[in-house]
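This report describes selected features of one protein model. Please keep the sequence and the structure in view while reading.

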Amino acid sequence: MRPPKVFLVVAFVILLPGVSRIKGAIKPAPTRTPQPASAAISPPEAVRQFLEMYSSLYRAVRYEAQKAEWAASTDVTPEHIGGRIAAGKALASMVGNPYVIEQARGFLKQPDRLKPIELRQFKKILLDASEAPGTIPDIVAQRVEAEGRQSGRLDSFQFCLERQAEKCVKPVTANGIDDILNESSDLAERLRAWKASKETGPALKPGLVELRRLRNAVAREMGYRSFFDLQVADYDMSVDEMMAMLEGFLKDMDPLYRELHCWTKHELAKKFNQPVPKMIPAHWINNRWSQNWTGIVEGVDLDPYFKDRSPEWIVKKAEAFYVSLGFPELPEGFWKLSDLYPVPAGSDRKKNTHASAWDMDHSGDVRSLQSIEADSRWFSTAHHELGHIYYYLSYDRPEVPVVLRGGANRAFHEGIGELISLASRQAPYLAAVGILPPGRSLDQKKWLLNEALEETVPSRVSGRGSVIISMTWGARIGCTLSGVATVTSPTPARKAPSATMRAAPGFPFDPATTRR
């Protein structure tokens with residue numbers, strides 16, 4: 001709604017001392033120099049007043065931005081993309097306002113006078129400001145716009161299995177690509193599906209290169225060497241510490257990974273009646289990112305047991321899992337406002353197809369964006385995404401400061417989601433919810449092997465190599481580390497995890513740190 005959004009921005013300008021609108025951006029007024037709040041009132045009171053003011057404005061302005069982003073992700077139209085960009089600029093103007101930066105830095109210069117919870121809030125406020133510093137408003141505005149446009153391109157992208165000239169004559173959905181890679185034994189068909197999944201790379205590459213420049217610019221304005229350094233700072237780690245940890249993951253897993261890789265390439269060569277390769281061709285694997293290598297171990301395919309289930313049943317069972325642990329049922333708004341199922345066939349609506357969970361207002365408006373179908377993959381995914389939702393709800397309470405309601409860092413969220421996802425695949429639970437028929441048992445050795453292929457591989461792919469790929473838009477390191485070869489030259493356009501997933505450098509090490 002336009003009026004509330006305008007009101008919030010106006011309120012922000014009025015309440016923050018010493019700010020004014022100049023050429024559409026919020027900058028320090030040239031005739032007024034903000035004085036540290038502690039100069040007029042006692043330090044504890046100054047801290048309290050600033051945090052209360054910031055938290056109130058942040059929650060309100062962020063909510064508008066979240067609603068606009070949700071609209072742009074669930075119904076990709078030029079109008080919604082424009083709304084997302086406008087709301088994003090308003091939020092950036094608030095969190096990165098020079099006055100906010102000055103005050104946060106001022107309070108942080110005297111950490112011994114702050115309570116631990118206050119110190120944590122100011123660090124987070126400054127970290128958020130570092131993504132949108134108001135000292136370079138034009139660059140920040142360009143970044144917000146670039147991210148909005150880039151997300152719109154990815155979310156509305158039409159995958160295509162067959163083209164005639166520039167026209168797509170055989171469109172396919174993301175779920176359709178997954179179905180081919182899961183079910184087809186025709187290597188030519190698999191190759192077409194895999195190539196179709198990579199068409200986002202060339203479409204997104206120019207925007208990604210520009211976005212990299214803009215993101216690095218905002219981070220460097222605040223003293224970071226790069227946007228990657230800024231993202232790592234959210235973990236209270238240096239880049240050297242993060243990279244050493246990821247190297248440690250690879251070293252620890254290397255013996256097991258080599259055994260899994262050797263077994264997998266032999267099994268797949270046998271399946272497709274091909275010579276055993278040195279590196280596994282990517283289209284042999286049933287995951288379009290080669291993030292996990294399931295569907296190879298015989299006797300553990302659960303999809304047939306879901307044929308009489310509905311997508312609604314899947315997400316309701318995921319909710320019941322958390323309720324059985326003592327959590328409340330999901331709020332009514334979750335069911336009304338979430339977008340949980342695929343766009344109906346024949347609909348012109350485009351939406352983001354990557355499963356995600358959203359905390360809209362840090363006060364209980366939680367939603368999930370998925371495309372659930374009745375199969376084992378979505379059963380596991382639904383349990384994972386509701387892990388995020390219940391994490392949000394656990395933090396959305398008065399005793400937790402608004403700016404800290406996202407959790408310690410993103411890896412904690414992924415950890416909860418992965419833990420429950422893993423639990424949802426265990427035989428006792430599958431039997432309890434009626435997936436495994438009475439008396440049906442699973443070969444434990446085969447089940448554990450399948451778990452290794454599902455859980456060990458993502459750590460390898462999401463570790464150091466993937467971080468480097470995300471920052472350089474290259475693939476050779478990723479091919480070496482994962483043991484998976486692309487079927488075309490590994491160019492930046494064709495192999496960039498950020499181009500095929502979230503268009504967000506820095507994301508890939510979240511799953512890696514989770515699985516430690």
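At 24% relative accessibility, C168 counts as partly exposed, because the value falls between the limits of 20% and 50%. The model in which this residue is found is a predicted one.

**The disulfide and the cysteines**

C168 is joined to C160 by a disulfide, with 2.2 Å from S to S. The structure holds one such link. The angle about its S-S bond is 105°, and the link of C160 and C168 is right-handed. C160 has a relative accessibility of 3% and therefore counts as buried, since buried means under 20%. A further cysteine, C262, is partly exposed, with a relative accessible area of 36%.

| Residue | Relative accessibility | Class |
|---|---|---|
| C160 | 3% | buried |
| C168 | 24% | partly exposed |
| C262 | 36% | partly exposed |

Strand β3 covers residues 159-164 and strand β4 covers residues 167-172. The two strands run antiparallel and are joined by five bridges. Within this pairing, C160 stands opposite P171 in β4. Two residues lie between the strands of the hairpin, where A165 takes a positive phi near 60°.

In soluble globular proteins, nonpolar side chains tend to be buried together. The largest nonpolar core of this model has 50 residues, and W293, F379 and L386 touch the most other members. Two or more residues of this core come from each of α8 (187-197), α11 (239-272), α12 (311-324), α14 (376-395), α16 (427-432) and α17 (444-461). The greatest contribution, seven residues, is that of α14.

Which residues does F379 touch, not counting residues up to four places away in sequence? They are F306, W313, I314, K317, S424, Y429, L430 and V433. Another core, of 42 residues, lies apart from the largest one; V47, A87, A104 and L114 are among its members.

**Helix α3**

Helix α3 consists of 18 residues, numbered 78-95. From its first C-alpha to its last the helix reaches 26 Å, close to the 26 Å expected at 1.5 Å a residue. The buried residues of α3 are I81, G83, R84, I85, A87, G88, A90, L91, A92, M94 and V95.

Notes:
Residues are numbered from 1 along each chain as its sequence is written. This is a predicted model: local features need pLDDT of at least 70, side-chain atom pairs count only at pLDDT 80 or more; totals for chains, interfaces and linings use all residues. Side-chain values use heavy atoms; hydrogens and water are left out. A disulfide is a pair of cysteine sulfur atoms within 2.5 Å. Buried means under 20% relative accessible area, exposed over 50%, partly exposed in between (1.4 Å probe, protein chains only). A nonpolar core is a set of buried Ala, Val, Leu, Ile, Met, Phe, Trp, Tyr and Cys residues joined through side-chain atoms within 4.5 Å. Helices (H or I, at least four residues) and strands (E, at least two) are DSSP runs, numbered from the N terminus. Contact means heavy atoms within 4.5 Å. The expected span of a helix is 1.5 Å times one less than its number of residues. Two strands pair if DSSP finds at least two bridges between them.
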